[in-house]
Each structure stands twice: as structure tokens, then as C-alpha cells.
Amino acid sequence: MRRVAIFSNNPTLIKLWSHALISHFDIFTASSTADLSDAAAVVIDSTNVDNDSDLTAMFAVSSARFLVVGKDWSENKQINALVHGAAGYCGESEPPKLLLQAVTSVLKGDIWIQRHLVPRVIGTLVKMKPIPAEETVDSNKTIESSALLATLSSRENDVANMIRDGESNKVIATSLEISERTVKAHLTSIFKKLAVSDRLHLALYIKEYS
């Protein structure tokens, strides 16, 4: 079983989250960042993040996938957490079954956030300063990734570029005069060809290699 840490100072939440996840993961309670070294994922109480700004910095540097769970974070705070490397945000009031789905999803490499916020997360990320060319260390990967992009059809390129720009399926469908179902079919094909798991990773892929 993969190890999942629960990072909270609230005994009630620790018990609730442990009960929801214990049958699927090796659950342990973390009391400090030093306890997270062998965690595949971390279910972290938003209160802890609010009280310790250093935890946000860990989102991007830790090998673990961080799922923030809270009840009063604004949409902007949720987006900010993902921009800084968190894998998702889940409402504290959501049923245990949904928490299990969220942890399973982030461990697969996906993000977990309200669907309507995904375009805003992508839009924020693609506006961030690009990595300078001299910091790119794997030229072979760049060549390989560019070659994979060349396998996309013209319509798939249109869809991928609009995902990069943070557009929703509805906007893409309207702009390209196709149905949302067709947009989803194109995305499925694109994900398979580029070996990416979701639209966020697709947007970053297009930004970096196109």
C-alpha cells in the first residue's frame, strides 16, 4: 500500500480522514514536515497551511502530492495553492467517499479542484515567467516532446492550444463549432498521444514544448 500522511492538529479530522482512507492506503499521522519524507501523498488541514506559510513552499519541492482539505478557503486561495504546487483542494464537508476519490486521483498525477476553476489555474500558470533556456537540462526530452506534438492532428492542435490558453470545453466547442462531446474525444486522444493525465499537465506541456 502507498503511504499517505494526515497532517492536522485536529483529532476529530484525523480520525475522520483516517477512517475514510485506511482500507486503501497505509495511513500515518504527521506532526511536522520531517515526518513526510516517505509519504506518497499528504492530506493536509488548511488550518495548518494558514498558520505556517513555509508549508506552501513544500508543495513544489516535496515528492509527495499535497491535497489541502478545508472549509472556508476562497477560490483565489485554492488556485494559489495549486499554482504553488499543491495537487488539489477538497472541501472539509465533503463525504468520506469523495476524499478517497480525491486522494486516489492525485496519486495518479491528476489535480483535484472544482471543475470551473481549472481554466483559471491553467491561465495563471501559463502567464507565469517561463523557464530560461539555459536552465533546460534535457535537450533530448525537448526533441522527443516536440516530435510527439507533431503527431497531433490540426484539430487536436487547435484544442490543445485553447487548453493552454485556459479555455473551457464549452468555449472551445463554440469557437471551433463542434460539440463538447467532440472536444472531450479530442482531449482523450491528445492525452494518450502526449502521455499526459489531465488538462493542466497538457497546458504546461504545450507551453514548454510548442
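**Stop 1: the whole chain**

Of the contacts in the chain with a separation of 6 or more, 61% are between residues 24 or more positions apart. Keep in mind that this is a predicted model. Colour by secondary structure. The chain has 11 helices and 5 strands.

Along its principal axes it spans about 55 × 40 × 30 Å. How does the radius of gyration fit a compact globule? For 210 residues, such a globule would have a value near 17 Å, and the chain has 18 Å, which agrees. Buried residues make up 44% of the 210 residues.

**Stop 2: helices H4 and H6**

Two packed helices are described by the angle between their axes and the distance between the axes. Select residues 75-83 for H4 and residues 118-127 for H6. Their axes come within 10 Å and cross at roughly 50 degrees. That angle is neither roughly parallel (under 35 degrees) nor roughly perpendicular (65 to 115), so H4 is oblique to H6. The crossing of H4 and H6 is right-handed.

Show the side chains next. Which residues meet here? From H4 come Glu75, Asn76, Ile79, Leu82 and Val83. From H6 come Arg120, Val121, Thr124 and Leu125. By class, this contact of H4 with H6 has 5 nonpolar, 2 polar and 2 charged residues.

**Stop 3: helices H10 and H11**

Move along the chain. Select residues 180-194 for H10 and residues 199-209 for H11. The axes of H10 and H11 are 11 Å apart, and the packing angle is about 60 degrees. H10 is therefore oblique to H11. Is the crossing of H10 and H11 left-handed or right-handed? It is left-handed.

Show the side chains again. Leu187, Ile190, Phe191 and Leu194 of H10 meet Arg199, Leu202, Tyr205 and Ile206 of H11. Sorted by class, the residues in this contact of H10 with H11 are 7 nonpolar, no polar and 1 charged.

**Stop 4: serine 189**

Stay on H10 and pick serine 189, which lies in this helix. Is serine 189 buried or partly exposed? Its relative accessibility is 23%, so serine 189 counts as partly exposed. The cut-off for buried is under 20%.

Serine 189 and glycine 88 are 101 residues apart along the chain. Draw a line between their C-alpha atoms: the separation is 24 Å.

Terms used: Residues numbered from 1 in each chain as written. Predicted model: local features only at pLDDT ≥ 70, side-chain atom pairs only at ≥ 80, totals over all residues. Heavy atoms only, no water. Axes fitted to C-alpha atoms, helices over the stretch in contact; angles between N-to-C directions. Helix = DSSP H or I, 4+ residues; strand = E, 2+ residues; numbered from the N terminus. Parallel < 35°, antiparallel > 145°, perpendicular 65-115°, else oblique. Left-handed = near helix turned anticlockwise from the far one by under 90°. Contact = heavy atoms within 4.5 Å. Nonpolar A, V, L, I, M, F, W, Y, C, P; charged D, E, K, R; others polar. Buried < 20%, exposed > 50% of the residue type's maximum accessible area, 1.4 Å probe, protein only. Rg over C-alpha atoms; globule rule 2.2 N^0.38 Å.
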